[in-house]
Amino acid sequence: MSYQIKPFIEAIVISVIGGGLFHVLSLPLAWMLGPLTSVMLWEGLTTRTLVWPDFLKKSGLIILGISFGFYFTFESLKIVGPFIIPYLLITVILILISIFNSAFITKWINIDKKTSVFGSIPGGLAEMVLASEDVKANSAFVMVFQTIRLLVVLFTVPFIITQFFPHDSNAISAVMTIPDTNILSLHGLWLILPILLGIKYQHSLPAGIMIIPLAVTATISISSINIPSIPPLIFLIAQLFVGASLGKSISLTDIKLAKKYAIIYIGLACWLIVLSFGFGILLESMTTMDLPTAILSTAPGGLVEMVLTASIVGADPAIVTSLQLMRVMVIVLVAPSALKWYFSRKINDRNTIA
């Protein structure tokens, strides 16, 4: 509609300004958290209503899913093979501890268990918000708590690791290679498959609009089919699409309501980091993995920052990438469905008793 064009253009301008500012300031996830912050603040401070079509959010999630799918190759699977079982065990334990802690604190604060759990669990920000919507949690609070967790991790883990493991001039600098095929070539037609399947089956899994394209792309990549990668500019635009849409989903009123709980969730995030470091040491003792690689693999996100840190301190970026992606997939594919079943069962039990 014509009356929505101006607020849509306004949303684009505000998103680009936010992303650009975060980029200039070298803040983490600049082109996602920048638009998220700028859109949220602009609507909250000016009382203006911006327009951001839902299909842009879905397009962004599909592109991100395809991009992450390229990290899975046959070579990467062979590298991480011996580490899968102990890593999955540690991941499950870390998730269970996170769930227990975040549910336990709801005895003393006015936040429901579903919101607290999805706001604290160490998964992707966008994925947890999407999954929380499926179980009728307060997605705005989930966004706030996940943002707190993400920022705590991004500002602490790389700093701590680089302090304990100084820069290695011979560090591994090559992350897994991605095919360098022109996206406009005939090989680019392969990208249609994950897009179509993602759209068709988006509701079959939590965050399916992103996970299904990721899984399909990973399968194609492992099969050695020559498929072009997503150009960097499109990858950044996808982050902007998702960030702006998430910024639309949260208001300053929600933040004001949640701010008194911020210190609690900062504490939970710090405790999770300490535990992940301990599990990293345990993983190193159980495998042939070196300590920096093990710690960065168990750290609760984010993927890009952990991989870059790995290349600085001489850890193995390939292993960190594969295991971090495995952790996110376990959380996104298993945790939301399991939690949805658990919370639904609790509600049914109360109804039966009543």
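This is a predicted model: local features need pLDDT of at least 70, side-chain atom pairs count only at pLDDT 80 or more; totals for chains, interfaces and linings use all residues.
Visitor: Is Gly60 buried or exposed?
Guide: Gly60 lies in helix H3, which spans residues 54–69. Buried means under 20% relative accessible area. Because Gly60 has a relative accessible area of 0%, Gly60 is buried.

Visitor: How far apart in space are Leu50 and Glu10, C-alpha to C-alpha?
Guide: Leu50 is placed in the loop between helix H2 (30–46) and H3, and its relative accessible area of 2% makes it buried. Its contacts outside four places in sequence include Pro7, Glu10, Trp42 and Lys248. Leu50 and Glu10 are 40 residues apart in sequence, and their separation in space, C-alpha to C-alpha, is 6.9 Å.

Visitor: Why do the rings of Trp52 and Phe241 count as edge-to-face?
Guide: Six aromatic pairs are found in a search of the whole structure. Planes over 60 degrees apart count as edge-to-face. The ring centres of Trp52 and Phe241 are 6.0 Å apart and their planes stand at 65°, so the pair is edge-to-face.

Visitor: Which residues form one aromatic cluster with Phe8?
Guide: Trp52 lies in the loop between H2 and H3 and Phe241 in helix H11 (residues 232–248), so that the pair links parts of the chain 189 residues apart. Both of these residues are buried. Together with Phe8, one aromatic cluster is formed by Trp52 and Phe241.

Visitor: What is the angle between the planes of Phe145 and Tyr265?
Guide: Phe145 in helix H8 and Tyr265 in helix H13 are 120 residues apart, and their pair links distant parts of the chain. Both Phe145 and Tyr265 are buried. The pair is stacked, with 3.8 Å centre to centre and an angle between the planes of 10°.

Visitor: Is Thr115 buried or exposed?
Guide: Thr115 is found in helix H6. Not counting residues up to four places away in sequence, Thr115 touches Ala137, Asn138, Phe141, Val142 and Phe145. Because its relative accessibility is 0%, Thr115 counts as buried.

Visitor: Which helix gives the most to the lining of the largest cavity?
Guide: The count comes to one cavity of 30 Å³ or more, and about 90 Å³ of space lies in the largest cavity. Its lining includes Phe145 and Tyr265, together with Arg149 and Trp271 among others. At least two lining residues come from each of helix H5 (84–104), helix H6 (113–120), helix H8 (139–164) and helix H13 (262–286). With five residues, the helix that gives the most is H13.

Visitor: How many charged residues does the lining of the largest cavity have?
Guide: The lining residues include Ser98, Asn101, Leu268 and Arg149. By class, six are nonpolar and five polar, and the number of charged residues is one.

Methods:
Residues are numbered from 1 along each chain as its sequence is written. Side-chain values use heavy atoms; hydrogens and water are left out. Helices (H or I, at least four residues) and strands (E, at least two) are DSSP runs, numbered from the N terminus. Buried means under 20% relative accessible area, exposed over 50%, partly exposed in between (1.4 Å probe, protein chains only). Contact means heavy atoms within 4.5 Å. On a 1 Å grid over the protein atoms alone, a cavity is a set of points where a 1.4 Å probe fits but cannot get out, and a pocket is an open set with protein on both sides within 12 Å along at least five of seven lines; lining residues have an atom within 4 Å of a point. Grid points are joined across faces, edges and corners, and a volume is the space filled by probe spheres set on the points. Ala, Val, Leu, Ile, Met, Phe, Trp, Tyr, Cys and Pro count as nonpolar, Asp, Glu, Lys and Arg as charged, and the others, Gly among them, as polar. Rings of Phe, Tyr and Trp (its six-membered ring) pair if their centres lie within 6.5 Å; planes under 30 degrees apart count as stacked, over 60 as edge-to-face and the rest as tilted.
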